[in-house]
Amino acid sequence: LGLAASAWAQTQGIPQKAAKDDVVFTAKNDPAMQKAYRQARATLDDFLRKAAQPAAGTTAYAVKVGIQQDGQTEYFWIADIAPAGKASDGAVQYAGRINNAPRIVTHVRNGQPYTFSKNEIVDWTYLEEKGPITHGNFTACALLSKRPRAEKLAMQRQYGLRCD
């Protein structure tokens, strides 16, 4: 579910945007999105331990980071993540590859290797194949919280999302 966020669009539902791997916009300080970022960061260390040694029946471990260009931020899922040492400022670094097509930011591309610091991570996700069940992806739940109940429930069923 490659949902990106920057200022909320009302013209199309999330299922249509998700199917096209399109951008979904949110206000910069959207309370639901800020809560999602806090939830993801509060559970990030546990996720990183799981990602380092994935359990049988789990797959698609990824983190979401924002990449900026010309004052705009587009959020990307980064797959195949692995520790990549420390930056000169001491920040823990990770490397992976961009896992969705850019729509706003033009200096990166889908599949491109990308290095980022742990403190840039705003969300995480992985898939439990039984079900399937999507763990994490708090930002998708934040986006769905603003949608009609039927749309929210359909997306939760389709993607195995566990939203409050």
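Student: What makes β2 and β3 a pair in this predicted model?

Tutor: Two strands count as paired when at least two bridges join them. β2 and β3 are joined by 5 bridges and run in the antiparallel sense, so the pair meets the criterion of at least two. Within the pair, Ala-79 stands opposite Arg-97 in β3.

Student: What packs on the sheet, and which strands are touched?

Tutor: Helix α3 packs on the sheet, with contacts to β1, β2, β3 and β5. The direction of α3 makes about 45° with that of β5.

Student: What is the order of the strands in the sheet?

Tutor: The open sheet of 6 strands has the order β4-β3-β2-β1-β5-β6, with antiparallel pairing.

Student: Why are β4 and β6 called edge strands?

Tutor: β4 and β6 each pair on one side only. As for the twist, the average is 40° from one strand to the next.

Student: How do you know that β1 pairs with β2 and with β5?

Tutor: The β1 and β2 pair has 8 bridges, and the β1 and β5 pair has 6 bridges. A pair requires at least two bridges, so both qualify. In the β5 pairing, the partner of Thr-59 is Leu-127.

Student: Which residues in the hairpin turns have a positive phi?

Tutor: In the hairpin of β1 and β2, with 2 residues between the strands, Asp-70 has a positive phi of about 50°. In the hairpin of β5 and β6, with 4 residues between the strands, Gly-131 has a positive phi near 130°. The β5 and β6 strands are antiparallel and joined by 4 bridges, and Glu-128 has Ile-133 as its bridge partner in β6.

Student: Why is Asn-100 called buried?

Tutor: Its relative accessible area is 3%. The cut-off for buried is under 20%, so Asn-100 is classed as buried. Asn-100 is in the loop between β3 and β4.

Student: What makes the approach of Asn-100 to Trp-77 a polar contact?

Tutor: A polar atom of the Asn-100 side chain lies 2.9 Å from the backbone nitrogen of Trp-77. The limit is 3.5 Å, so the distance qualifies. The two C-alpha atoms are separated by 6.4 Å, although the residues are 23 apart along the chain.

Student: Is Ser-117 buried or exposed, and how do you know?

Tutor: Ser-117 has a relative accessible area of 8%. That is under 20%, so Ser-117 is buried. Ser-117 is in strand β4, and its side chain makes a polar contact with the side chain of Asn-119 at 2.3 Å. Leaving aside neighbours within four places in sequence, Ser-117 is in contact with Ala-91, Val-92 and Gln-93. For Val-92, the C-alpha to C-alpha distance is 5.6 Å, and the sequence separation is 25 residues.

Student: Which residues have the most contacts inside the largest nonpolar core?

Tutor: The core has 30 residues, and those with the most contacts inside it are Phe-47, Val-63, Ile-67, Ile-78, Ile-81, Phe-116 and Trp-124. The elements that each supply at least two residues include α3, β1, β2 and β5. α2 gives the most, with 5 residues. A second, separate core of 6 residues includes Cys-141, Leu-144, Leu-161 and Cys-163.

Student: How many aromatic pairs are there, and why is the pair of Tyr-37 and Tyr-75 called tilted?

Tutor: The whole structure has 9 aromatic pairs. For Tyr-37 and Tyr-75, the ring centres are 6.1 Å apart and the planes are at 35°. Tyr-37 counts as buried at 9% relative accessibility, and Tyr-75 counts as buried at 16%.

Student: What makes Phe-47 and Tyr-61 a tilted pair?

Tutor: Their ring centres lie 5.9 Å apart and their planes are at 35°. The distance is within 6.5 Å and the angle falls between 30 and 60 degrees, so the pair is tilted. Phe-47 is in helix α3 and Tyr-61 is in strand β1, 14 residues apart. Both Phe-47 and Tyr-61 are buried. Ring pairs also link these two with Trp-124, Tyr-126 and Phe-138 into a cluster.

How values were computed: Residues are numbered from 1 along each chain as its sequence is written. This is a predicted model: local features need pLDDT of at least 70, side-chain atom pairs count only at pLDDT 80 or more; totals for chains, interfaces and linings use all residues. Side-chain values use heavy atoms; hydrogens and water are left out. Buried means under 20% relative accessible area, exposed over 50%, partly exposed in between (1.4 Å probe, protein chains only). A polar contact is a pair of N or O atoms within 3.5 Å; within protein, one must be able to donate a hydrogen and the other to accept it, and residues adjacent in sequence count only if both atoms are side-chain atoms. A nonpolar core is a set of buried Ala, Val, Leu, Ile, Met, Phe, Trp, Tyr and Cys residues joined through side-chain atoms within 4.5 Å. Contact means heavy atoms within 4.5 Å. Axes are lines fitted to C-alpha atoms, for helices over the stretch in contact, and angles run from 0 to 180 degrees between N-to-C directions. Rings of Phe, Tyr and Trp (its six-membered ring) pair if their centres lie within 6.5 Å; planes under 30 degrees apart count as stacked, over 60 as edge-to-face and the rest as tilted.
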